[in-house]
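Q: Hi! I'm new to this one, could you walk me through it?

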Amino acid sequence: MAQPKYLTGDSAAINEFIDRFDVFLLDCDGVLWSGDHLFEGIVETLELLRSRGKRVVFVTNNSTKSRQDYQKKLTALGIPSDIEEIFASAYSSAVYISRILKLPEGKNKVFVIGESGIETELRTENIPFVGGTDPALRRDITPEDYGKIADGSMLDPEVGVVLAGLDFHINYLKLSLGFQYLQRGAKFLATNLDSTLPNSHSFFPGAGSISIPLVYMSGQQPLSLGKPSQAMMDAIEGKFQLDRARTCMVGDRLNTDIQFGVEGGLGGTLAVLTGVSKKEHWEAKDAPAVPAYYVDKLSDLRGARL
């Protein structure tokens, strides 16, 4: 298997790399920032790409924020953006449920395990939902709850989908309700299956860690609507009308970002070493994907010859 080309410090190679693509799909956590810490030189790097006529699309698996939330974060960090340049897993999930998934009549509600970003995007697609940030579910389960869940009186009969994302308030009650809906035939979807989330120069449980108990309980695997799911790639291609051969996926994680670009048949993939995956990860025999290029950090692209 061909090894990725190292671009850092090679201005001619960086210049050639940038010229090869019209669209850059950029992961956010671990590429642009870690938590609320913006990596050095990011604003100038994006300005460079745009000044050379490149289209930038922010593609993130983090479902806790809506596209509006992400735009606010980008603005606060000094990154100009348009809401139509943002494609997050919460939005991808809402689009899939409203436009692709054919739910039976009377089973059109979604039980959400996740934060407000999912709820906002479901509302934009006029999808009814329960759960999510409902304060009534942010508590310990009670003996009375067991009986009501078991006999179905605590369940909404119109729920046809369980959608699991990153949930900062996950608890036994939510998992019990989600499991019962799955037992009664609800479709099992996940915004993404990331095992971890980079934040504050460290790592924390990701959305995939939230859905694992339901996988273990139900014996079912959810359909993921985030990277590396090709359902997300198809939605991005349809929305932006991009040429895959002239598109590059930029990310820090091999089993989401880089695999997403490779399986999607994109013209290239660029790994950055400011997040999860490191050089030794793609050199391993069991690497899920190998990038075509890599840099120490995204701002190294500023070394392009103008």
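A: Happy to: this is a predicted model, and we can start with its annotated sites.

Q: Great, where does UniProt place the "binding site" feature?
A: The unreviewed UniProt entry puts "binding site" at Asp27, Asp29 and Asp252.

Q: Why do they gather at one spot?
A: They span 226 residues in sequence, but no two of their C-alpha atoms are more than 8.3 Å apart, so they come together at one spot. Asp27, Asp29 and Asp252 also belong to the lining of the largest cavity.

Q: Okay, Asp27 then. Where does Asp27 lie?
A: Asp27 is in the loop that runs between β2 (23–26) and β3 (33–34).

Q: And is Asp27 buried or exposed?
A: Buried, because its relative accessibility is 6%, and the cut-off for buried is under 20%.

Q: Which side chain joins Asp27 in a polar contact?
A: That of Lys227, with a polar contact of 2.8 Å between the two side chains. Leaving out residues up to four places away in sequence, Asp27 also touches others, including Val59, Thr60, Met249 and Asp252.

Q: Switching over: where does Asp252 lie?
A: Asp252 sits in the loop between β14 (247–251) and α10 (254–263).

Q: Buried or exposed, for Asp252?
A: Asp252 counts as buried, because its relative accessibility is 3%.

Q: Last one: what does Asp252 touch?
A: Not counting residues up to four places away in sequence, Asp252 touches Asp27 and Asp29, and also Gly30, Val31, Asp257, Val272, Gly275, Val276 and Ser277.

Technical notes. Residues are numbered from 1 along each chain as its sequence is written. This is a predicted model: local features need pLDDT of at least 70, side-chain atom pairs count only at pLDDT 80 or more; totals for chains, interfaces and linings use all residues. Side-chain values use heavy atoms; hydrogens and water are left out. UniProt positions are given in the numbering used here, feature names are shortened, and annotations may be inferred rather than shown by experiment. On a 1 Å grid over the protein atoms alone, a cavity is a set of points where a 1.4 Å probe fits but cannot get out, and a pocket is an open set with protein on both sides within 12 Å along at least five of seven lines; lining residues have an atom within 4 Å of a point. Helices (H or I, at least four residues) and strands (E, at least two) are DSSP runs, numbered from the N terminus. Buried means under 20% relative accessible area, exposed over 50%, partly exposed in between (1.4 Å probe, protein chains only). Contact means heavy atoms within 4.5 Å. A polar contact is a pair of N or O atoms within 3.5 Å; within protein, one must be able to donate a hydrogen and the other to accept it, and residues adjacent in sequence count only if both atoms are side-chain atoms.
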